[in-house]
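Please examine the sequence and the three-dimensional structure shown below.

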Amino acid sequence: MLPIITAFENSPDRGAGLARDMRVRWALEEVGRPYDVRLVSFKEMQEPAHLALHPFGQIPTYEEGDLALFETGSIVLHLARHHAGLLPEDANARARAITWMFAALDTVEPPILDRETTRLFEGDRSWGPERLRLTEARIRPRLSQLSAHLGDAVWLDGAFSAGDLMMVSVLLRLRHSSPMLNDVPNLAAYVARGEARPAYKRAFAAQLAVFTGKASRG
Ligand code: GTB
């Protein structure tokens, strides 16, 4: 039985890679694991069957036999722990790669999400533009600190890992709506390297196919 993930039936970005099933698809492609997709509407996401899988009524979820997971960090870590390709063998290197996953989700993503919330839902308030500037002032130091760590390296800590998968995914979210990443050339190049990976491209094509009619409802 193939694992099943859930994804938006109708993503607001029309499959441009921003909805978070993209991270899970990318991880599945990196480890060479075929999967099925069940598309869900916004209404279905709030119904008991989906809430039993995801208490917060979101996507993506991951089902594999009698295991059901939610939260992209947990799903990607689960895949990385059980398949070769996303975590190093060496115990310390493995722990550092997992640290980078948490850094992406807990340190870099929050100010980026905060900016997205302001941009999408608060931009028309009188204080919207000022708040947008404040969120950007919180993103900039994170980008320059990350850039200083990366330096001329290809990936964050040796070989490509689940830490890079998560960090690139988070930075892509910023790049979609802001030119800020272009001010940090080594990070822009780092993101481009992630996007150039064959596994990323397959995942992106599969997500887009939902909206171009090339994929059937799972
Ligand atoms: N922490 C959770 C995780 O990492 O799994 C967050 C999951 C999450 O935010 N899911 C979003 C969701 O289900 C989809 S990805 N939202 C519906 C809801 O909460 O009711 C966020 C997202 C959605 C759409 C776009 N877009 O179209 O541009 C971008 C990102």
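For what follows, Ala, Val, Leu, Ile, Met, Phe, Trp, Tyr, Cys and Pro count as nonpolar, Asp, Glu, Lys and Arg as charged, and the others, Gly among them, as polar. The model under discussion is predicted. In these terms, the shell around the ligand comprises five nonpolar, three polar and four charged residues. Its members are Phe8, Ser11, Pro12, Asp13, Leu18, Arg20, Met45, Gln58, Ile59, Glu71, Thr72 and Arg173.

Three of these side chains may be considered individually. In Thr72, a side-chain N or O atom is 2.6 Å from an oxygen atom of the ligand. Glu71 places a polar side-chain atom 2.7 Å from a nitrogen atom of the ligand. For Arg20, the distance between an N or O atom of the side chain and an oxygen atom of the ligand is 3.0 Å. The ligand taken alone exposes 680 Å², and the protein buries 77% of that area.

The ligand takes up the space of the largest pocket, whose volume is about 800 Å³. This pocket is lined by 28 residues, of which Phe8, Leu18, Ala19, Arg20 and Arg173 are the closest to its centre. The lining divides into 12 nonpolar, seven polar and nine charged residues. Which helix gives the most to this lining? It is α5, with nine residues. At least two lining residues come from each of α2 (42-45), α4 (72-82), α5 (91-122) and α7 (162-177).

Two points of the backbone also deserve attention. Ile59, which belongs to the residues around the ligand, is joined to Pro60 by a cis peptide bond, with omega near 0°. Pro60 is situated in the loop between α3 (48-51) and β3 (61-64). The other point is Arg14, in the loop that runs between β1 (4-8) and α1 (21-30). Although Arg14 is not a glycine, its phi is positive, at about 50°.

Rolling a probe the size of a water molecule over the atoms shows where empty space is left. Across the whole structure, the search finds two cavities of 30 Å³ or more. The largest cavity contains about 90 Å³ of space, and its lining consists of Gly17, Leu18, Ala19, Arg20, Met22, Arg23, Ser169, Leu172, Arg173 and Tyr200. Two or more of these residues are supplied by each of α1 and α7, with α7 giving the largest share, three residues. By class, the lining of the largest cavity has five nonpolar, two polar and three charged residues.

Key: Residues are numbered from 1 along each chain as its sequence is written. This is a predicted model: local features need pLDDT of at least 70, side-chain atom pairs count only at pLDDT 80 or more; totals for chains, interfaces and linings use all residues. Side-chain values use heavy atoms; hydrogens and water are left out. A residue is near a molecule or strand if one of its heavy atoms lies within 4 Å of it. A polar contact is a pair of N or O atoms within 3.5 Å; within protein, one must be able to donate a hydrogen and the other to accept it, and residues adjacent in sequence count only if both atoms are side-chain atoms. Accessible areas come from the Shrake-Rupley method with a 1.4 Å probe; for residues, only the protein chains shown count as cover. On a 1 Å grid over the protein atoms alone, a cavity is a set of points where a 1.4 Å probe fits but cannot get out, and a pocket is an open set with protein on both sides within 12 Å along at least five of seven lines; lining residues have an atom within 4 Å of a point. A molecule sits in a cavity or pocket if more than half of its atoms lie within 2 Å of its grid points. Grid points are joined across faces, edges and corners, and a volume is the space filled by probe spheres set on the points. Helices (H or I, at least four residues) and strands (E, at least two) are DSSP runs, numbered from the N terminus.
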